Amino acid sequence: MAEGAKAQDVPVVYLHEIKRQYMQGDAPLVILDGAKLALWAGQSVALVAPSGSGKSTLLHIAGLLESPDDGEVYVAGAPTSQLSDVERTQIRRNDIGFVYQSHRLLPEFSAVENVMLPQMIRGLKRSETVKRSTEILTYLGLADRLKHRPAELSGGEQQRVAIARAVANAPRALLADEPTGNLDPNTADHVFQALVQLVKATNVAMLIATHNMELAGRMDRRVSIVDGHIVELE
Ligand code: ADP
Ligand code: MG
């Protein structure tokens with residue numbers, strides 16, 4: 001970060017001129033072709049685009065789960081393309097939370113244990129992780145589901161546990177890939193509410209891929225992918 005610059009002046013995640021293509025037989029299939037996007041602290045952004053247009057690809061690149069063919073991903077102003085695997089893993093663990101369409105919780109562990117795990121991997125004391133996990137789950141309305149295993153929870157509850165796990169290490173950015181895609185409208189509404197509430201409470205930068213225009217309408221900003229570029233909607 002430049003001297004004198006404040007954290008608010010720098011996007012939490014900045015995607016610069018991102019290019020990504022896959023080979024389909026002999027022909028390249030260009031998915032992202034110079035995509036640019038800034039995610040800011042405390043702002044929720046909906047990524048609304050048809051299936052197959054590159055939403056998951058963009059989220060994976062923003063979350064350092066996948067590398068672009070060209071372009072740069074900046075996290076808190078720092079370029080990431082030259083980092084070692086260990087350094088990238090560290091950023092993923094500490095600075096980025098990811099929520100998938102299916103909850104991907106560990107079935108043998110309770111809700112509270114699923115939220116404790118990323119904190120224990122980070123090296124926090126067990127007692128601290130219990131306290132923090134309980135607080136986050138309570139905040140998300142799951143105070144009386146702490147000991148339940150994923151199979152004993154409803155779809156919406158499972159997704160809220162997955163959200164709690166994603167924010168357990170207080171990330172700077174929360175990336176969600178169609179997090180309500182498997183939920184009925186009422187439950188989806190509830191999960192979205194939880195996400196929006198978290199952005200305001202924790203000042204995290206959030207990017208959500210979704211097909212749901214009604215829910216996207218409640219985000220601070222809406223973007224789409226057109227011909228491999230990011231375009232602002234409205
Ligand atoms: P979305 O999430 O918007 O549905 P994706 O980012 O998953 O889109 O995929 C964009 C396009 O890239 C799709 O046409 C998909 O088939 C293709 N694609 C994604 N991952 C791969 C891969 N690993 N190899 C080849 N093609 C891929
Ligand atoms: Mg997808």
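A crossing is left-handed if the near helix is turned anticlockwise from the far one by less than a right angle, and right-handed if clockwise. This is a predicted model: local features need pLDDT of at least 70, side-chain atom pairs count only at pLDDT 80 or more, and totals for chains, interfaces and linings use all residues. Residues are numbered from 1 along each chain as its sequence is written, chains are lettered from A and ligands numbered from 1 in written order, and side-chain values use heavy atoms, without hydrogens and water.

**Exercise 1.** Describe how α3 passes α5.

*Solution.*
- Locate the helices (DSSP runs of H or I, at least four residues, numbered from the N terminus). Helix α3 spans residues 111-121 and helix α5 residues 155-166.
- Take the axes (lines fitted to C-alpha atoms over the stretch in contact; angles run from 0 to 180 degrees between N-to-C directions). They come within 8 Å and cross at roughly 25°.
- α3 is therefore roughly parallel to α5 (angles under 35 degrees).
- The crossing of α3 with α5 is right-handed.
- List the contact (heavy atoms within 4.5 Å). α3 supplies Ala111, Asn114, Val115 and Pro118; α5 supplies Val161, Ala164 and Arg165.

**Exercise 2.** Work out the strand order of the open sheet and find its edges.

*Solution.*
- Strands are DSSP runs of E, at least two residues. Two of them pair if DSSP finds at least two bridges between them.
- Four strands give the order β2-β1-β4-β5, with antiparallel pairing.
- β2 (27-39) and β5 (78-79) each have a single partner strand, so one side of each lacks a neighbour in the sheet.
- Ten bridges join β1 (residues 13-24) to β2. Leucine 15 has leucine 37 of β2 as its bridge partner.

Conventions:
Parallel < 35°, antiparallel > 145°, perpendicular 65-115°, else oblique.
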